[in-house]
Amino acid sequence: MNEAQDLFSLLRQSTDVDPQAIDAIRRTIAEGKDRELCRINAPAFASKHGLDEERAISAFLHAARVGIFDISWNVLCPGCGGVLDTNATLKTLQKDEYTCALCSEGYSPTLDEMVEVTFTVSPRVRRIAAHNPHELPLVEYFRQIYWASGVDLPEEDFAKKIEAFSLEDIELAPGEKAVLPIQLPSEFVIVFEPVTHSAQFIDGKGEPTKERRSLSLVFDRDHVQNQTLEMQPGPLRISLENRTDTRVLPTVFIAGQELHDLLGKRRPFLTAKRLLTNQTFRDLYRTDTLDIDQRLKITSLTFLFTDLRGSTELYERVGDLSAFDLVRVHFQVLHEIVAAEAGAVVKTIGDAVMATFATPDRAIAAALRMRDAMRELNDKSGREDLLLKIGVHAGPCIAVSMNERQDYFGQTVNIASRVQNLANAQAIFATRAVVDDNLTADLLHRHSLTPVPHEVSLRGIEREIAVYTIP
């Protein structure tokens with residue numbers, strides 16, 4: 001406990017960490033149930049404790065950095081919400097495709113909705129049952145280990161919900177064999193094992209029979225999916241053998257409405273995309289994100305580019321020292337605005353800034369604030385020294401590691417940069433992908449701004465694209 005106190009004292013020394021978030025985290029660690037401290041969903045935690053989401057995420061990142069939490073990057077099945085793979089860092093996420101045995105589907109991982117980031121309390125701070133997952137009861141293994149934090153599982157009657165669609169279950173130690181007798185119903189049944197992610201589908205069809213049938217299943221790490229068997233309803237003996245070096249938890253599920261209702265309830269979770277566009281994460285984990293050979297897909301990310309118009313003339317007009325001070329202040333203001341709008345500055349190039357946002361509306365909100373901030377700075381000086389050009393575009397990209405920092409590559413990045421080159425100091429330029437976003441449209445309507453469309457040709461882009469001026 002003394003070590004925990006020392007870690008929290010260290011955490012409180014970070015001036016940019018919300019004290020309310022620290023207090024909520026400390027109370028939960030001291031008083032919460034074990035399962036509340038395993039794979040914490042940061043947005044759900046913020047909602048439960050009345051905290052700002054971004055400030056809560058920042059607090060968890062700082063807490064993980066000092067050793068209070070361990071971060072987990074979990075690859076999810078979009079269908080059932082199961083955790084297909086878990087990684088201590090994003091660097092170890094290397095597979096091109098993941099298969100969910102429960103859904104019998106294969107998926108190419110993207111950082112948008114298929115990778116969640118969760119926080120588990122460190123054993124240095126508090127020991128919880130999930131630190132030894134192979135000792136968890138079956139129900140808690142499903143709740144804490146198999147299903148992701150985005151599945152909205154009930155707090156109190158979860159065991160009853162599982163019982164509603166479970167026929168039988170058993171625990172097998174390494175090397176152990178057993179026979180599980182069931183009465184096969186006239187329904188679709190899944191023999192599912194969550195540790196090895198193995199599944200056998202049985203379609204109960206036809207006239208019921210009293211004939212005793214047998215089915216043999218072996219659990220190992222190589223054969224996780226078997227073809228669907230069609231059987232008449234009636235008595236069935238399932239012979240099970242565990243050939244792994246850990247216990248397994250084969251469970252017979254009825255794939256009916258109760259199962260679908262349980263897994264159909266979802267809640268927001270912290271995606272890898274959102275974390276990679278978080279300024280606190282980039283500041284704290286600058287060199288600990290992607291491996292140099294990794295290429296991770298993002299379905300849609302919003303890019304904002306800025307540049308100072310006439311910066312060469314600025315240095316000539318006011319002198320190097322004054323110009324440098326102005327540019328430095330401008331960078332500081334832009335960084336603050338990007339972070340406040342849940343974005344992250346990827347890099348600065350000369351007088352230009354490249355930033356990313358999880359959604360287009362946050363990028364446009366930042367752009368509007370940037371424009372206002374530059375006007376205020378110019379009003380204070382009495383001169384039009386800071387003329388900011390802004391371009392915004394959204395689309396697919398690839399997250400990469402370049403020059404020892406996490407960066408992005410793809411045509412979306414190129415277009416965003418070209419759009420910024422079109423902008424002048426009085427307007428923000430954005431593409432159709434940005435202004436057609438519903439949240440962006442609402443934001444612009446609230447500001448009484450009407451984007452003006454025009455078709456343009458961009459250097460290096462074969463087709464003309466629609467670009468909108470935001471006056």
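1. F142 and Y146 both belong to helix α5 (residues 138-146), where, being four residues apart, they are separated by about one helical turn. The model is a predicted one, and the values in these notes are computed from it. As to accessibility, F142 has a relative value of 0% and so counts as buried, while Y146, with a relative accessible area of 2%, is buried as well.

2. Y146 also forms an aromatic pair with F192, in which the ring centres are 5.2 Å apart and the planes make an angle of 70 degrees, an edge-to-face arrangement. Because Y146 lies in helix α5 and F192 in strand β8 (residues 188-193), this pair ties together parts of the chain that are 46 residues apart in sequence. F192, like Y146, is buried.

3. The count of aromatic pairs comes to 15. For F142 and Y146, the ring centres lie 6.1 Å apart with the planes at 75 degrees, so this pair is edge-to-face. Both residues belong to one aromatic cluster, which is formed by F142, Y146, W147, F165, F192 and F253.

4. Turning to the nonpolar cores, the largest has 91 residues, of which I68, F69, F119, W147 and Y408 touch the most other members. Helix α4 (residues 53-66) gives the most to this core, contributing eight residues. Another core, of 36 residues, lies apart from it and has L368, M374, L386 and V392 among its members.

5. Which residues of helix α15 (residues 438-446) are buried? They include T440, L443 and L444, and because these cover an arc of only 95 degrees around the axis, they sit on the same side of α15. N438, H445 and R446, on the other side of the helix, are exposed. The buried residues of α15 pack against α12 (360-381), α14 (432-435) and β21 (465-470).

6. The two ends of α15 also deserve a look. At its start, a side-chain oxygen of D437 comes to within 3.2 Å of the backbone nitrogen of L439, and just after the helix S448 adopts a positive phi of about 55 degrees.

7. On the scale of the whole chain, the domain assignment gives domain 1 (1-147), domain 2 (166-255) and domain 3 (290-470). The centres of domain 2 and domain 3, taken over C-alpha atoms, are separated by 55 Å.

Key. Residues are numbered from 1 along each chain as its sequence is written. This is a predicted model: local features need pLDDT of at least 70, side-chain atom pairs count only at pLDDT 80 or more; totals for chains, interfaces and linings use all residues. Side-chain values use heavy atoms; hydrogens and water are left out. Buried means under 20% relative accessible area, exposed over 50%, partly exposed in between (1.4 Å probe, protein chains only). The arc is that of the directions from the helix axis to the C-beta atoms. Contact means heavy atoms within 4.5 Å. A polar contact is a pair of N or O atoms within 3.5 Å; within protein, one must be able to donate a hydrogen and the other to accept it, and residues adjacent in sequence count only if both atoms are side-chain atoms. Domain bounds come from an automatic or database domain assignment. A nonpolar core is a set of buried Ala, Val, Leu, Ile, Met, Phe, Trp, Tyr and Cys residues joined through side-chain atoms within 4.5 Å. Rings of Phe, Tyr and Trp (its six-membered ring) pair if their centres lie within 6.5 Å; planes under 30 degrees apart count as stacked, over 60 as edge-to-face and the rest as tilted.
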